[in-house]
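Below are my notes, in the order I looked things up.

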Amino acid sequence: MNKKLKSIRGMNDFLPIDTYLWQKIENSIKKIINSYGYSEIRLPIIEKTNLFKYAIGKETDVIKKEMFNFNDRNNENITLRPEATVSCVRSGIEHGFLYQKEQRLWYIGPMFRYERPQKGRYRQFYQFGIEVFGLIGPQIDAELILIMSRIWKKLDLLNYFSLEINTIGSIKTRIKYNNDLTLFFKKNINLLDFESIKKINNNPIRILDSKNIKIQKLIKKAPCIYKYLSKKCKIHFYKLCKILKNIGIKYNINKKIVRGLDYYNYTVFEWVTKNINFKSTICGGGRYDKLVKNLGGNKTPAIGCAIGLDRLILLIKSTKNILKYNLSIDINIISFNIFNIKFNIIKLVEYIHDKLPKLRIFTNYNNSNIKKQLINSHKIFSNIALIIGKNEIYNQSLIIKNINNKIQIILPKNEIVIYFKILFFKICSN
Ligand code: ATP
Ligand code: MG
């Protein structure tokens, strides 16, 4: 092995300074999703390649360019999951938990897409996602949006977001619409760029989110999906908008939101942030009422969405002082380096853990002197040090030192739990 040991491109390590923040964010999100009665599902990170190909759509960017495909030892084609909706549906069909049942599920974990790494775009990234099965009405569309809105509020980020919603009709409607779009773009092929021309036959709807200004001008004249929508679809969308208005959720109806995967229908939405200079969609989702049936299950309406956690954390870091997310140590245990003392300490610390399990206690096992151990208290964000020397073992007493104001007291060993319970009342009673 040489000096240039490096992780694989686009795949990041997260060190403790980051994981404190990640844990904090994930815990806030989990609390909110649990409060809505959703349950966690854990899924494998590898599935058969064909599952994704079939479900996501052969002409999508994800399938054409972004999959991590391998052959296993048995020569089976397998793929590191680019998203988890498809795995969730596979699991539902396999275990029969979708059959005539409503399910409200969430997951968290890594996804893999072979993209060009840049800020906010990685080859291994993390999503928190929600999938709901068995509910047809717009109320559940609204609930997903409300959950997201509550998460942003809890993280004090609501003002950085705008909610963009759209309806893209049924899959049948879209086939007709796609045909007409193809005809339109073929007529105007001389105005298209190379990227758009590649999509003209198989995925013309994706030309609609081209960033090219000339093409954007052309798009204004292109057929509009709204003219193709059924009455049922329009009513669904109208009702969703009405619920959101009624509850005070601000939204923009944005025709450009078409989503990158083929399985979506009816409602689609994205939470976008304009605050940062990297690609700004942080959460995307929509209905996928045909996917369960298409993968071999019973007809089951469904909707889901996913937050890109890496991007969410970038947003938080760019808007907040994140030092406050450092997890501090409550008690730093300091002692002389004498075997008998260290031996006694382990017993004492276990005793405190038994009595006050919520405290974070750091025990020094190194050979450095007391002064160095005290200095280290700052580094580990500990205000309180518990010092044990020879006398203390002999007297059955302990020194408690406040690192900031340097005040120290001596307490009999049997009073220490009650002392810490009062000192750390907030943490202990939480
Ligand atoms: P984009 O248009 O940015 O490529 P997407 O439409 O491919 O996003 P989705 O499949 O909707 O993304 O995934 C939901 C969320 O997951 C995105 O809104 C984003 O926050 C996050 N995400 C997707 N791809 C990546 C990636 N390569 N790196 C980091 N986050 C990602
Ligand atoms: Mg993408």
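Which residues do ring pairs link into a cluster? I found Phe133, Tyr263, Tyr264 and Tyr288. My pairing rule takes rings of Phe, Tyr and Trp (its six-membered ring) with centres within 6.5 Å; planes under 30 degrees apart are stacked, over 60 edge-to-face and the rest tilted.

Ground rules, before I go on. This is a predicted model, so I ask for pLDDT of at least 70 for local features and 80 or more for side-chain atom pairs, while totals for chains, interfaces and linings use all residues. Residues are numbered from 1 along each chain as its sequence is written, chains are lettered from A and ligands numbered from 1 in the order in which they are written, and side-chain values use heavy atoms, with hydrogens and water left out.

**Aromatic pairs**

I counted 16 aromatic pairs by that rule. One of them joins Phe68 and Tyr114, edge-to-face, at 5.3 Å centre to centre with 65° between the planes. Phe68 sits in strand β3 (residues 68-71) and Tyr114 in the loop between β5 and β6, so this pair ties together parts 46 residues apart in sequence. Helices (H or I, at least four residues) and strands (E, at least two) are DSSP runs, numbered from the N terminus.

Are the two partners buried or exposed? Phe68 counts as buried at 11% relative accessibility, and Tyr114 as partly exposed at 42%. My cut-offs are under 20% relative accessible area for buried, over 50% for exposed, and partly exposed in between (1.4 Å probe, protein chains only).

I also listed the contacts of Phe68, meaning heavy atoms within 4.5 Å. Leaving aside neighbours within four places in sequence, Phe68 touches Met11, Ile78, Thr79, Leu80, Phe112, Arg113, Tyr114 and Arg123. From Phe68 to Thr182, 114 residues along the chain, I get 30 Å between C-alpha atoms.

**Helix α4**

How many of the eleven residues of α4 are buried? Eight are, so this helix (residues 85-95) is largely enclosed by the rest of the structure. The buried ones are Thr85, Val86, Ser87, Cys88, Val89, Arg90, Ser91 and Gly92. Their cover includes β2 (46-48), α2 (49-56), β5 (103-112), β6 (124-133) and α10 (291-294). After α4 comes Gly96, with a positive phi near 70°.

I took axes as lines fitted to C-alpha atoms, for helices over the stretch in contact, with angles from 0 to 180 degrees between N-to-C directions. The axes of α2 and α4 come within 10 Å and cross at roughly 105°. α2 and α4 are therefore roughly perpendicular (65 to 115 degrees; under 35 is roughly parallel, over 145 roughly antiparallel, the rest oblique). Leu51, Phe52, Ala55 and Ile56 of α2 meet Val86, Ser87 and Arg90 of α4.

Helix α1 (residues 16-35) packs on helix α11 (residues 309-319) at about 110°, with axes 11 Å apart. α1 and α11 are therefore roughly perpendicular too. On the α1 side I noted Asp18, Leu21, Trp22, Ile25, Glu26 and Ile29, and on the α11 side Leu309, Asp310, Leu312, Ile313, Ile316 and Lys317.

**Cysteines**

I searched the whole structure for disulfides (cysteine sulfur atoms within 2.5 Å) and got zero. Cys283 is buried at 1% relative accessible area, whereas Cys428 is partly exposed at 23%.
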